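This briefing looks at how two protein chains meet. Please look over the sequence and the model before reading the points below.

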Number of protein chains: 2
Amino acid sequence: MKFSPLLDELIQSLRCLPGVGPKSAQRMAFQLLERDRKAGLKLASALSSAMSDVGHCQSCRTYTEETLCPICASHKRGTSSTICVVETPADVLAIEAGGHFTGRYFVLLGHLSPLDGVGPEELGLALLERHLASGDVAELILATNPTVEGEATAHFIADMARRHKVMISRIAHGVPVGGELEYVDSTTLALSFNGRLPL
Amino acid sequence: MKFSPLLDELIQSLRCLPGVGPKSAQRMAFQLLERDRKAGLKLASALSSAMSDVGHCQSCRTYTEETLCPICASHKRGTSSTICVVETPADVLAIEAGGHFTGRYFVLLGHLSPLDGVGPEELGLALLERHLASGDVAELILATNPTVEGEATAHFIADMARRHKVMISRIAHGVPVGGELEYVDSTTLALSFNGRLPL
């Protein structure tokens, strides 16, 4: 037995969300129908305008519906001479939550992965090279994830940036604050020794 | 820092879904924007038509956009003399998945809960009484959940149904198939002894 066509379609459509299986989709549909149809309608309109209108910032490639994202459009940060390269827009948010970085970003929207057909072109590296060639950039901070693909991407970008007169740095790998040495993996420990700083 | 207004609104709106917190909402929004905008648009239209058009079956109160749900509208089952009372439309689906029940349903859309302002009126018991008074009903199966509220609701409905000439039954409580006695709680075990059947 199935529900009515509209309800079936709603449950089926909800499954496009990551981590939502048949049971969760059913629960979500019932919850919205039962408790909060207004919120459901609001979600529908938010979804449809975001899917149609959100594009990429022409300077840093993060998601925005304007030509430039708020950071690139800001007078103070948009012309900063420090660019931080990250993999995803969520990484921008994580760094911004700290509030210590005052430069601008460049969002790769992925990492190099030749098997999946993701090369330099898909990561917008031509745009990044134009930024570097403009002479406005003094330092490039590589903040890709400390994974195999992230490291490979960082090295590829570093090679590219060396052709321009730019200082290149990689964020430090080491023991996270609040972590206990006993439970940190050996690779991280080794990196924390290699990256030790004089006191 | 925040994202662009449209993206912020999408992330905020996604949080109306049960079990979706700020991080999941962000992941969902990025996943849709990055991978599957078509699915996002389809979800938006499914949501908006379901929220506006889905109402209740006039006979059994389950969700449907028609006057009658598929079961009540079916020639064979819609006039069945057996009515199974359940708490939610999801319960209908669970019973239908078994395929053994061929009667019709009555969906309470909740259980008696005076503190939350849910009384007989909210559960549509007047409609159920009209079904019983019509003389077309031979048996009423009470399949509310085996919780305190579910039991109270079942007893309340049973009292009401006794005024009409209707056989009233409650689904059996006992050891679930595939379960092991060792791990079954004592109340369930006691109920399974009380409800034992002659072989």
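Between chain B and chain A, the count of salt bridges is 0. The model is predicted, and the points below describe the interface as computed from it.

**Polar contacts and area**
- The rule finds 8 residue pairs in polar contact across the interface of chain B and chain A, with both residues at pLDDT 80 or more.
- The size of an interface is often given as the accessible area lost when the parts come together.
- For chain B and chain A, the buried area is about 5,100 Å², and carbon and sulfur atoms give 74% of that area.

**Residues that take part**
- Chain A brings 47 residues to the contact, and chain B brings 47 residues.

**The side of chain B that touches chain A**
- At least two residues of this side come from each of helix 1 (5-14), helix 2 (22-35), helix 3 (37-53), strand 2 (63-64) and helix 5 (89-98) of chain B.
- Helix 3 of chain B gives the most to this side, with 15 residues.
- Sorted by class, this side of chain B holds 30 nonpolar, 9 polar and 8 charged residues.

**One residue in detail: L43(B)**
- L43(B) is found in helix 3 of chain B.
- Is L43(B) buried or exposed? L43(B) counts as buried because its relative accessible area is 1%, and the cut-off for buried is under 20%.
- Leaving out residues up to four places away in sequence, L43(B) touches L10(A), S13(A), L14(A), C16(A), L17(A) and L47(A).

Definitions and conventions. Residues are numbered from 1 along each chain as its sequence is written. Chains are lettered from A and ligands numbered from 1 in the order in which they are written. This is a predicted model: local features need pLDDT of at least 70, side-chain atom pairs count only at pLDDT 80 or more; totals for chains, interfaces and linings use all residues. Side-chain values use heavy atoms; hydrogens and water are left out. Contact means heavy atoms within 4.5 Å. Buried area is the accessible area (1.4 Å probe) that two parts lose on being put together, summed over both. A salt bridge is a side-chain nitrogen of Lys or Arg within 4 Å of a carboxyl oxygen of Asp or Glu. A polar contact is a pair of N or O atoms within 3.5 Å; within protein, one must be able to donate a hydrogen and the other to accept it, and residues adjacent in sequence count only if both atoms are side-chain atoms. Helices (H or I, at least four residues) and strands (E, at least two) are DSSP runs, numbered from the N terminus. Ala, Val, Leu, Ile, Met, Phe, Trp, Tyr, Cys and Pro count as nonpolar, Asp, Glu, Lys and Arg as charged, and the others, Gly among them, as polar. Buried means under 20% relative accessible area, exposed over 50%, partly exposed in between (1.4 Å probe, protein chains only).
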